[in-house]
Amino acid sequence: MKPVTIYTTRTCGFCRMAKALLSKKAVPFEEIDVTFDEASRTEMTAKAGGRTTVPQIWIGEQHIGGCDDLYELEYAGKLDALLEA
Ligand SMILES: N[C@@H](CCC(=O)N[C@@H](CS)C(=O)NCC(=O)O)C(=O)O
């Protein structure tokens, strides 16, 4: 399984939803909490092509996007293949 990275903040409901989906699927992930970490948030935004919202999610080197994007992949039946590819 490819490594999953998710940038989050502590009060973010979309972050909780994204993590809930990953946990339900038993997908391990590295969480980078940017709540008080401006440097990591700047790094996230740069890597995410200018997107500033949290969560921002990567599967391996591939940028998935936010919570909505993650759920869209799941509902389209494409998430498992991305995780395992
Ligand atoms: N459609 C986005 C919505 C993400 C979103 O609005 N996140 C909020 C926090 S829950 C956010 O980043 N707000 C701006 C901010 O915290 O600076 C997604 O699915 O990820």
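A: Happy to! One term to start with: contact, or touching, means heavy atoms within 4.5 Å. This is a predicted model, where local features need pLDDT of at least 70 and side-chain atom pairs count only at pLDDT 80 or more, while totals for chains, interfaces and linings use all residues. Residues are numbered from 1 along each chain as its sequence is written, and side-chain values use heavy atoms, with hydrogens and water left out.

Q: Okay, which residues does Val-27 touch, not counting residues up to four places away in sequence?

A: Setting aside residues up to four places away in sequence, Val-27 touches Met-1, Val-4, Leu-22 and Leu-83.

Q: And where is Val-27 placed?

A: Val-27 sits in the loop between α1 and β2. Helices (H or I, at least four residues) and strands (E, at least two) are DSSP runs, numbered from the N terminus.

Q: Is Val-27 buried or exposed?

A: Val-27 is buried, with a relative accessible area of 4%. Buried means under 20% relative accessible area, exposed means over 50%, and partly exposed is in between (1.4 Å probe, protein chains only).

Q: Let's switch to the ligand. Which residues surround the ligand?

A: The ligand has Cys-12, Gly-13, Phe-14, Arg-41, Thr-53, Val-54, Pro-55, Gly-66, Cys-67 and Asp-68 around it. Being near a molecule here means that one of a residue's heavy atoms lies within 4 Å of it.

Q: What kinds of residues are in that shell?

A: The shell around the ligand divides into five nonpolar, three polar and two charged residues.

Q: Which helices each supply at least two residues of the shell?

A: Those are α1 (13-24) and α3 (67-75).

Q: How much of the ligand does the protein bury?

A: The protein buries 63% of the 500 Å² that the ligand exposes when taken alone. Accessible areas come from the Shrake-Rupley method with a 1.4 Å probe; for residues, only the protein chains shown count as cover.

Q: New topic: how many salt bridges are there?

A: The count comes to five salt bridges. A salt bridge is a side-chain nitrogen of Lys or Arg within 4 Å of a carboxyl oxygen of Asp or Glu.

Q: Which residue does Lys-19 pair with?

A: Lys-19 forms a salt bridge with Glu-31, and their closest N and O atoms are 2.9 Å apart. Lys-19 is in helix α1 and Glu-31 in strand β2 (residues 30-33), so this pair ties together parts that are twelve residues apart in sequence. Lys-19 counts as partly exposed, at 22% relative accessibility, and Glu-31 is partly exposed as well, at 37%.

Q: What about Lys-25 and Asp-80?

A: Their side chains meet in a salt bridge (2.5 Å, N to O). This pair links distant parts of the chain, with Lys-25 in the loop between α1 and β2 and Asp-80 in helix α4 (residues 79-84), 55 residues apart. Lys-25, Glu-74 and Asp-80 are linked in a network of salt bridges.

Q: Last one: what about Gln-56?

A: Gln-56 is in strand β3 and counts as buried, at 0% relative accessibility. A polar atom of the Gln-56 side chain lies 2.9 Å from the backbone oxygen of Thr-53. Not counting residues up to four places away in sequence, Gln-56 touches several residues, including Tyr-7, Met-44 and His-63.

Notes:
Nonpolar A, V, L, I, M, F, W, Y, C, P; charged D, E, K, R; others polar. Polar contact = N/O pair within 3.5 Å; in protein donor to acceptor, adjacent residues only side chain to side chain.
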